[in-house]
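Please look at the sequence and structure below before reading on.

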Amino acid sequence: MTAWEPIVLNFFGIEVGVISADRDEVAFHFGPHMVKNSGSPDQLRVEFSRSTGAAPGEFLVRRGDGTPLLRRAFRGWGNVPPALPPFAALQDRFCLVPAVVLAKGGTTVALLGGPYAEQANVGAALAHRSWEFVSGRLLVLDRHTGEVLPYLVPLQARGRSAAWLRGAGLQNELCRAVTSPTGAEVLLVRPECLGPVAPVRARLGRPTLVQLCRSADERVRLTPRELTPQAWPDGSAGLLDGVPAYRLELPGVSGAEEAAGLIDQEVPCEESESCLYVPNTLPARHAGLTASLRI
């Protein structure tokens with residue numbers, strides 16, 4: 001792809017032009033965010049370069065006028081913060097927490113857990129109960145309003161969780177197996193493959209946090225608890241102070257359906273609009289060079 005043919009994405013009203021990236025890869029990871037190029041002068045540019053030898057590839061972020069903001073090593077799409085959108089150049093605006101996020105009515109739930117936890121499986125079971133996927137991998141919060149923003153990237157599953165999803169008869173074009181930096185196989189699944197998704201321009205209310213844990217027996221339990229999740233950037237977790245939080249204990253993938261039933265029944269439903277739409281365009285506020293590495 002030539003430098004003058006960017007792939008254009010819109011995240012939360014911020015337009016990002018992507019240069020020298022594989023269109024198929026970008027479409028798989030960020031398809032719902034792809035838009036026509038508006039030619040906006042506020043468009044951020046993210047330029048990718050290939051790895052050479054043992055050195056990883058890089059991505060360079062520029063303002064629309066060409067001013068460089070930061071350069072970072074590119075080690076795949078699963079890092080926090082990810083390369084797209086270039087959160088590292090926008091860290092004054094967003095808070096990120098690794099989670100699978102769904103919404104129903106006026107309620108938003110973020111499923112937290114380790115790499116081998118069953119967030120994808122519980123999320124799929126919730127989707128069968130008319131919950132909409134908001135994000136497959138990250139809880140994205142607007143640091144100025146506290147609202148949850150859709151980030152419609154693939155869910156990740158490993159081990160038995162991945163086997164359970166494969167057994168559900170996934171569409172091949174909506175899932176891919178990749179290898180993690182640690183050598184483990186990871187199944188990536190587009191959320192549209194598992195259930196309905198929230199509109200990309202939605203803004204949703206403060207979330208309820210649900211921490212997944214392995215139970216000591218075969219029972220599934222959902223109990224209120226205090227929880228302070230790890231968030232990026234450092235110091236942003238206070239945005240989640242006071243939100244409802246639960247501990248979800250389940251024996252494994254076999255408990256996903258029962259766990260979804262407990263969440264559906266026990267998590268209070270907010271009486272509010274499920275989605276508040278943002279304007280077609282939002283003025284982008286870009287971080288200065290103080291937020292970047294040396295070019």
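The model is predicted, and the angles and accessibilities given here are computed from it.

**Cis peptide bonds**

- Valine 80 and proline 81 are joined by a cis peptide bond, with omega at about 5°.
- Proline 81 sits in the loop that runs between strand S5 (68–74) and strand S6 (94–98).
- A cis peptide bond also leads from leucine 84 to proline 85, and its omega is near -15°.
- Proline 85, too, is placed in the loop between S5 and S6.

**Positive phi at serine 20**

- Serine 20 is not a glycine, yet its phi is positive, at about 60°.
- The residue lies in the loop between strand S2 (14–19) and helix H1 (23–30).
- Serine 20 counts as partly exposed because its relative accessibility is 42%, and the partly exposed class lies between under 20% for buried and over 50% for exposed.

**Positive phi at serine 130**

- Serine 130 has a positive phi of about 75°, although this residue is not a glycine either.
- Its place is in the loop between helix H2 (119–127) and strand S9 (132–135).
- The relative accessible area of serine 130 is 53%, so this residue is exposed; the cut-off for exposed is over 50%.

Conventions:
Residues are numbered from 1 along each chain as its sequence is written. This is a predicted model: local features need pLDDT of at least 70, side-chain atom pairs count only at pLDDT 80 or more; totals for chains, interfaces and linings use all residues. Side-chain values use heavy atoms; hydrogens and water are left out. Helices (H or I, at least four residues) and strands (E, at least two) are DSSP runs, numbered from the N terminus. Buried means under 20% relative accessible area, exposed over 50%, partly exposed in between (1.4 Å probe, protein chains only).
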